[in-house]
Amino acid sequence: MEVDPVIALHMDIVFPNTPCGILDFKFQTGYSTLQRKEMEQFSFLDINRATNDAIGEAPLVMDLASQEKYDTIKEQLESGQGCRVQGQHDMYQVPSKLIFATDRDLWIINKLKTEEPETYNKFSLEHYFEQLSFGDIS
């Protein structure tokens, strides 16, 4: 008998109004916490908000200087980009959490709110799941 059995988590979640560059992702279990940059089995795809078509793969970490990152996120919001996160992760069968947030880049959101209110109004963490399942998907 396996002491700590694992099960496959299959996930496909769409954030139509959140650029991938501002979206943070953590996976917490009783054993560990994995950050976005450690979740290489998940793809972060920049998508067209209107059609849900992939534009390209977003980097796991967006290491840009402050103003450059602000300008990039602003441009993505204005052009109608969102984010799609898809992949599979073998996880321990223990209580776990998937956390999506923008805490790290809250300053960008606040700056947009005060300096670019029309662009800010295009942002939200609204999302929907195309898939969230556990185990084999035969």
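Predicted model: local features only at pLDDT ≥ 70, side-chain atom pairs only at ≥ 80, totals over all residues.

Reader: What is the strand order in the open sheet of five strands?

Author: The order is β5-β4-β6-β1-β8, and the pairing is antiparallel.

Reader: Which strands stand at the edges?

Author: β5 (54-57) and β8 (128-134) do. Each has a single partner strand, so one side of each has no neighbour in the sheet.

Reader: And the twist, what does it average?

Author: From one strand to the next, the average is 15 degrees.

Reader: Back to β5. How many bridges join it to β4?

Author: Three bridges connect β5 to β4, which covers residues 42-48, and the two run antiparallel.

Reader: What stands opposite Ile-47?

Author: Ala-54, in β5.

Reader: Changing topic. How many disulfides does the structure hold?

Author: One. Cys-20 and Cys-83 form it, with their sulfur atoms 2.1 Å apart.

Reader: Where do those two cysteines sit in the chain?

Author: Cys-20 is in the loop between β1 (6-15) and β2 (24-29), while Cys-83 is in strand β6, residues 81-92. The two are 63 residues apart, so the pair links distant parts of the chain.

Reader: Left- or right-handed?

Author: Right-handed, because the torsion about the S-S bond of Cys-20 and Cys-83 is about 95 degrees.

Reader: Last one: are Cys-20 and Cys-83 buried or exposed?

Author: Cys-20 is buried, and Cys-83 is buried as well.

Note on methods: Residues numbered from 1 in each chain as written. Heavy atoms only, no water. Pairing = 2+ DSSP bridges. Helix = DSSP H or I, 4+ residues; strand = E, 2+ residues; numbered from the N terminus. Axes fitted to C-alpha atoms, helices over the stretch in contact; angles between N-to-C directions. Disulfide = S-S within 2.5 Å. Buried < 20%, exposed > 50% of the residue type's maximum accessible area, 1.4 Å probe, protein only.
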